[in-house]
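Please keep the sequence and the 3D view at hand while reading.

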Amino acid sequence: GVTGVKQGDRVLANVRWNGAREKTVTLAANLTPIPDNVSFDAASGLTITYGTAMHGLADRGQVKAGDTVAVLGAAGGAGLAAVEIAALMGADVIACASSAERLAICKAHGAHDVINYAREDLKQRLRDLTGGKGADVVYDCVGGDFAEPAFRSTAWEGRYLVVGFAAGEIPRMPLNLALLKGASLVGVFWGEFAKRNPEKNGANIAQVVEWVAEGKLRPHIHQVYPLSQTRQALEAIDKRQAAGKVVIAPQSA
């Protein structure tokens, strides 16, 4: 009863669990066809990070051309996808990361300005780079100690997107900041969104695949690991050593 795809088609899928294996089973609704000029390595990294970026920036953040978008944790898989998508949407992107090397990757993928928050005052630099106005949207993959200063530097009616907590600590935010700025704290839970609204999510992923095929998006792959080194791949993510996506491929690929 499956329509839209046939045996032998090149597809990508978000299977939620059990993806690190040579064979798996998923619902046909989870599949997105990929054109011949998009590699399997590139396609494998599109669903979660780029799906989250599309949902966060377009659906939840209502980003429009001319907005200023600050991305925290900008060199990681989720952050770099947000940098690329926001730039493609016409936003002025400020990438925030912890080293010059990581920020150089962000610049190469569309960031207009960068902040090294390991060395610079995040709140002050965000204000300086926006002429005192603040960022219209903050895309926060990090949490921890960076959350409050980033929220303090949002613009009037800014949108602070809560995406993840790579720093390991879930921050406590003074809610008076939301009142004083007329600002919004917005949760971005892509996995639940994809489950509850598969049609909209499917359209988002199809758009991302189209942009990759057209060369408008260039997914950055940190490293491709063989399936037998899945543990090492996960450790690279856990230790925050990766810039962009970590990919696991079967040995026969």
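## Terms and basis

Two strands are said to pair if DSSP finds at least two bridges between them. Helices (H or I, at least four residues) and strands (E, at least two) are DSSP runs, numbered from the N terminus.

The model is predicted, and local features need pLDDT of at least 70, side-chain atom pairs count only at pLDDT 80 or more, while totals for chains, interfaces and linings use all residues. Residues are numbered from 1 along each chain as its sequence is written, and side-chain values use heavy atoms, with hydrogens and water left out.

## The open sheet

An open sheet is formed by 6 strands in the order β5-β4-β3-β6-β7-β8, with parallel pairing. Because β5 (113-116) and β8 (184-187) stand at the edges and each has a single partner strand, one side of each is left without a neighbour in the sheet. From one strand to the next, the twist averages 20 degrees (axes are lines fitted to C-alpha atoms, for helices over the stretch in contact, and angles run from 0 to 180 degrees between N-to-C directions).

Within this sheet, strand β3 (residues 68-72) runs parallel to strand β6 (residues 135-140), and 4 bridges join them. V69 has V137 in β6 as its bridge partner. Strand β4 (residues 92-97) is likewise joined to β5 by 4 bridges, and these strands run parallel; here C96 stands opposite I115 in β5. Together with helix α4 (residues 100-108), β4 and β5 make a right-handed β-α-β unit. A crossover is right-handed if, with the strands pointing away from the viewer, the path from the first strand over the helix to the second runs clockwise.

## A further strand pair

Strand β9 (residues 221-226) and strand β10 (residues 245-249) pair in the parallel sense over 5 bridges.

## Cavity and pocket

On a 1 Å grid over the protein atoms alone, a cavity is a set of points where a 1.4 Å probe fits but cannot get out, and a pocket is an open set with protein on both sides within 12 Å along at least five of seven lines; lining residues have an atom within 4 Å of a point. Grid points are joined across faces, edges and corners, and a volume is the space filled by probe spheres set on the points. The structure holds 1 cavity of 30 Å³ or more. The largest cavity has about 40 Å³ of space, and its lining includes Y50, P219 and K245. Helix α3 (residues 77-88) gives the most to this lining, with 4 residues.

The second largest pocket has about 320 Å³ of space. Its lining has 17 residues, of which A29, N30, A194, P198 and N201 lie nearest the centre. The elements giving two or more residues to that lining are β2 (31-33), α8 (190-196) and α9 (198-213).
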